[in-house]
Amino acid sequence: MTTAAPQPLPAGRARQLAAEFGLTPEEYDRVLAILGRAPSLTELGVFSVMWSEHCSYKSSKVWLRELPTRAPWVIQGPGENAGVIAIGDGLAAVFKMESHNHPSFIEPYQGAATGVGGILRDVFTMGARPVANLNALRFGDPKLPLTRRILDGVVRGIGGYGNCVGVPTVGGEVNFHPAYNGNPLVNAMTVGIARADRIFTARATGVGNPVVYVGSRTGRDGIHGATMASAEFSADAEEKRPTVQIGDPFTEKLLIEACLELMATDAIVAIQDMGAAGLTSSSVEMAGKGGMGIELDLDAVPQREEGMSAYEMMLSESQERMLMILKPGREAEAEAIFRKWELDFAVIGRLTDTGRIVIRHKGVVEADIPLAPLESEAPLYRRPAAETPKPPPLDPASVPDPVGVAEALRRLVGSPDLCSRRWIWDQYDSTVGGQTVRRPGAADAAIVKIEGLRRALALTTDCTPRYCAADPEEGGKQAVAEAWRNITATGATPLAITDNMNFGNPEKPEIMGQFAGCIRGMAAACRALDFPVVSGNVSLYNETVGRAILPTPAIGGVGVIEDAARAVGLALVPGCELVLVGETRGHLGQSLWLREIAGREEGAPPPVDLAAERRNGDFVRARILAGGVRACHDVSDGGLLVAVAEMALAGDVGAALEPPPAGIPAHAFWFGEDQGRYVLAVEDGAALLAAAAAAGVPAARIGRAGAPGGALVLPGGRSISLAGLREAHEGVLPALMEGR
Amino acid sequence: MAIALERAAGRPPAMLFHRETELPRGTDLVVLAGGFSYGDYLRCGAIAAHSPIMRAVREFAARGGHVLGVCNGFQILCEAQMLPGALLRNASLRFLSMDCHLRVERAGTPFTGRWQKGAVFRSVMAHGDGNYFADAATLDRLEGEGLVAFRYCDARGEATAEANLNGSARNIAGILSPNLRVLGLMPHPEDYVDPLMGGTDGLPLFESLVDALAAAPA
């Protein structure tokens, strides 16, 4: 026998629990109004996770709407599990980036590993085979033992999951700053390939259609993970470890194969992975998107532990699980596929026309909630935002060069933010699948070919948080522009981005001001560069004991190049001429030179002139595709001389440099971080300069590549051996990780 | 791996599911490709060595069939006791994904016919458990019988300690069965069969196999 209505909690107890689950008194009053009574424990659990910051985007939604999301090549913008763009030949790239910051601080290995697992599911849920993983990582002061422990665990976790599941990890970025001491950022991105006409969504339709659960069994892990991820850390963060899930990449691999096998049939109506808030969010969102009702019988849910309550099952974040709506009568066919892959398969409910989610367990109705108001009445906040005051520009006269150009270069290439990331990428399988044309460190964007075609994807992740902190709007612009530039520097055409907005506590006006400013800048850059946002994720409350991280809107960029063989890397080629494209003013404000050499973090960040950015980038891309460009590297952190040094180290080829133009101090010329610039190694410098002049693009010869091995020869004859530079560049991270 | 086999042989290989029990009629080469069978949750390859299809693979090898095991495939061959020794955790205790150089120690086998002894080629390694181990007597026997196929070396061909990235006994990267028809190796020669993907250093292994199998009686 089934009881007709859920058992409400006693009023006082319900209000107290609601507060513990993170609902404000006003939000709880809305729950009462929607239900017309006090909620049951399960219902309260459903409301609290669906209305958590993590699931509802209640503080960020009003701002996110300002981002451009359309272009002729966009097939699916934000709102689904991942974004989808057309990439030619009837194919689509499906991609998204997502944070796993809070779990990675509490338990670095599993936090990072399940971050990779979650984003993979978001992509193959849409019918795409994952072909590449990237990441964007931020850690605290590298001298702290805690930072080393977290970095080591995160790298092992990303590798452990990605390597095992057989998807290459092809790119990423890492920054260090004390602002991340108590709150590292782990943003994982997956890119998949699907047929453009075979994209699956989470929109459930068809009254009576079966609701099917596949994948791993449900356990008690990760209960209230979404709530945990929607609050700041206090000093007792360690105690939150039970909210972190455990990854099982082998099951994920089986799940990918089984889902793609079933997707090759026409049995699936809708599908969604069980990510944050597990069974709750997947069932509520699928039914909600289709305007349906849904009934779940939790007795049918495959369970790993005995005696689980409805509340526990609905809030579990056990990994490697998916929910699907099948066409009627297709259960047996689908079940056979999942059994073949040794995965659990269970019909756990039906779609209804009631517009309600009804959850039964052991003959009792544990929840009965109208779906429309769960979404339409969800809290939405335009929180007070205090603009970050514009910092005064740095007075160039106030920053004399204390050490000289050669010594500054040696120190910069060995600084934590610029040193070689080889120690990290050597632990990621970057070649599995056999399509990685340009591996980590070989080009400004990773180049991953589409199997059987010449066409390739160009992939990158970028953000410069110190710029965002100083001037959120310019920083937001720069993050998008740099992703666009990195793709352009390979010869590929940038198409779209995914964003991962990592910020502090949105209830503080200055944090909301950072968020709003970054969005404004990003939106301007997306529009100017035809580089829309098609998916994304917001991670707020990145604070520990009241200290916020730097604002970090990490950008994952995707581009396409018709012929992978035309893509260029950054490795210098002997005998080439070096040409700098873009204008150099010697902007030292917020530069790494200023921080690492002068010991100051101040001034305005370099402004991004979006018209110049577009013009310079379009010129560079056209020249690469026209041939004759042997290497290309954008000028970013550390400035021009660091860019040239990186090219020389990558190719193990020296270079002789010409004197800077008059009027700019040498250190400002070589280490300023002016935007919109590229260094090209070309066979015919004069031809490139002529083409640039004709296109109205600033360009100047800055030197000539030398011989293999060799040295960087500065104007005036000072020679810096590549061997010495390499030692400074590559020795740092291994030494740091060994505590030296 | 399938791409490399097709490139060398001119036709795609048949893919078998682990629960199958028979090889297709006319099979002349079995390849155990890389990958994390069963997640490597137990010892790498330990569970896959007991997959239903492995009985057929073992019988095929016993009849003189050619078998190539790369990375996880090498681990499976060792766990199945089709090759001696074991692959331990890398000495650094970290996953290693990077280029390495291999020196051909035994030419004239079905896998190395296109190389001269002492030839050096570039390959990709991507493994956490590639540290080859066997007792001294086994190592002496392998060396004495010329069953070491490849050793880790530097670009000049010196089998130095620095070039032995995973800490393998005597720099051993790949070994052969006594009849020279079963090869296991940790690095991935199949990753370098196309100039676009970084080079064709690994192609001779597959071309050698095509030569050998074309010459072998069906």
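Let's start with a word we will need: a residue is buried when its relative accessible area is under 20%, exposed when over 50%, and partly exposed in between, using a 1.4 Å probe and protein chains only. Helices here are DSSP runs of H or I with at least four residues, strands are E runs of at least two, and both are numbered from the N terminus.

Before we look, some ground rules. This is a predicted model, where local features need pLDDT of at least 70, side-chain atom pairs count only at pLDDT 80 or more, and totals for chains, interfaces and linings use all residues. Residues are numbered from 1 along each chain as its sequence is written, chains are lettered from A and ligands numbered from 1 in the order in which they are written, and side-chain values use heavy atoms, with hydrogens and water left out.

Now, find helix 3 of chain B, residues 72–79. Is it buried or exposed? Seven of its eight residues are buried, so the rest of the structure largely encloses this helix. Those buried residues include B:Phe74, B:Ile76 and B:Leu77. Just after the helix, B:Gln81 has a positive phi of about 60°.

Over to chain A. It holds 26 helices and 28 strands, and 64% of its 740 residues count as buried. Its C-alpha trace spans about 90 × 50 × 45 Å along the principal axes.

Next, the place where the two chains meet. Contact, meaning heavy atoms within 4.5 Å, involves 22 residues from chain B and 30 residues from chain A. Together the chains bury about 2,000 Å², 52% of it on carbon and sulfur atoms. That buried area is the accessible area (1.4 Å probe) that two parts lose on being put together, summed over both. On the chain B side, B:Arg94, B:Leu196 and B:Met197 supply 31% of the area buried against chain A, more than any other three residues.

How many salt bridges cross this interface? The rule finds three, a salt bridge being a side-chain nitrogen of Lys or Arg within 4 Å of a carboxyl oxygen of Asp or Glu. One salt bridge joins the side chains of A:Glu342 and B:Arg19, at 2.5 Å from N to O.

Which parts of chain B touch chain A? Strand 4 (96–104) and strand 5 (120–127) of chain B each supply at least two residues of that side. Strand 4 of chain B gives the most, with four residues.
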